[in-house]
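Dear colleague,

I am handing over the structure we spoke about, and below it I have set out what was found in it. Please read the notes with the coordinates open beside them.

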Amino acid sequence: MHRTPEPELMLDPEQARAYAEADFEAPHSRFVELFREAFPGLTVSGPVLDLGCGPGDISMRFARAFPEANVDGVDGAPAMLAEGERLLAGSGLEDRVRLVQACLPADAPPRERYRGVISNSLLHHLHEPAVLWDAVARYTEPGGFVFIMDLMRPDSRASAEAMVAQYAADEPPVLQRDFFHSLLAAFRVDEVREQLDRAGLAGLDVRAVSDRHLVVSGLMRAG
């Protein structure tokens, strides 16, 4: 099945509210678990960049999991960031998490370099995947960590429909619709590996971690 791109930004306030109120406990907790598995024993401290942070749930979970980290969550959608600011208020993380509107590649994040770059479910939104990999190469400091998780395109529309029925049956219709379209817009492991090769990031590992998710991880070369 060929890839079918979807809109890069989620601009609808109702759509943003649905994402902010959705129960992503299992997949987002898994994001942190997989990070720990990818970097056993790594001391995570200092500035971390979360690309495509949406309403900021991953940014906040990461900050809670690693108390010495400061997370800059970056997203291009004002509606998503507005929901994120609502969730951040009163969380106790206001001094370590900041959510910033920036649309790659035109806009830059707050810092020139980060100890690490993370991202969840941004890649499949991008019409040009090189935008993500160029940002990873530019903003991760030498020796810094990279951890990117995203959906993985199934073999057919029927398989995508079956995944929606299996994993999102209890979600609101807008989330079911978006999940289906996101599956159609996602990349496969071999496609991501080619993207990394073209970006000069062949040292990063890419692997499937479920029937619908892949992870890119590794350390940037020093020097």
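To begin with the sheet, which residue in β2 does G46 stand opposite? Before the reply, please keep in mind that this is a predicted model. The residue opposite G46 is A69 in β2, and the two strands concerned, β1 (residues 46-51) and β2 (residues 69-75), run parallel and are joined by 6 bridges. Helix α4 (residues 78-88) packs on the sheet, where it touches β2 and β3, and its direction makes about 165 degrees with that of β3.

Taken as a whole, the sheet is open and consists of 7 strands in the order β3-β2-β1-β4-β5-β7-β6, with mixed pairing. Its edge strands are β3 (97-101) and β6 (205-208), each of which pairs on one side only, and from one strand to the next the twist averages 20 degrees.

Next come the charged side chains. Side chains of opposite charge can pair when their charged atoms come close. A search of the whole structure finds 11 salt bridges, and a few of them are described here.

Because E83 and R86 are 3 residues apart in helix α4, about one helical turn separates them.

With a relative accessibility of 22%, R188 counts as partly exposed, and D155, at 61%, counts as exposed.

A further salt bridge is formed by R177 with D178, the closest N and O atoms being 3.2 Å apart. R177 counts as partly exposed, at 43% relative accessibility, but D178, at 6%, counts as buried. Finally, R30, E33 and E37 are linked in a network of salt bridges.

Strand β5 gives the largest share of the lining, namely 3 residues.

Most residues other than glycine have a negative phi, and most peptide bonds are trans. The peptide bond from L104 to P105, however, is cis, with omega near 0 degrees, and P105 is found in the loop between β3 and β4 (114-120). S121, although not a glycine, has a positive phi of about 65 degrees; S121 lies in the loop between β4 and α5 (130-139) and is partly exposed, with a relative accessible area of 26%.

With kind regards

How values were computed:
Residues are numbered from 1 along each chain as its sequence is written. This is a predicted model: local features need pLDDT of at least 70, side-chain atom pairs count only at pLDDT 80 or more; totals for chains, interfaces and linings use all residues. Side-chain values use heavy atoms; hydrogens and water are left out. Two strands pair if DSSP finds at least two bridges between them. Helices (H or I, at least four residues) and strands (E, at least two) are DSSP runs, numbered from the N terminus. Axes are lines fitted to C-alpha atoms, for helices over the stretch in contact, and angles run from 0 to 180 degrees between N-to-C directions. Contact means heavy atoms within 4.5 Å. A salt bridge is a side-chain nitrogen of Lys or Arg within 4 Å of a carboxyl oxygen of Asp or Glu. Buried means under 20% relative accessible area, exposed over 50%, partly exposed in between (1.4 Å probe, protein chains only).
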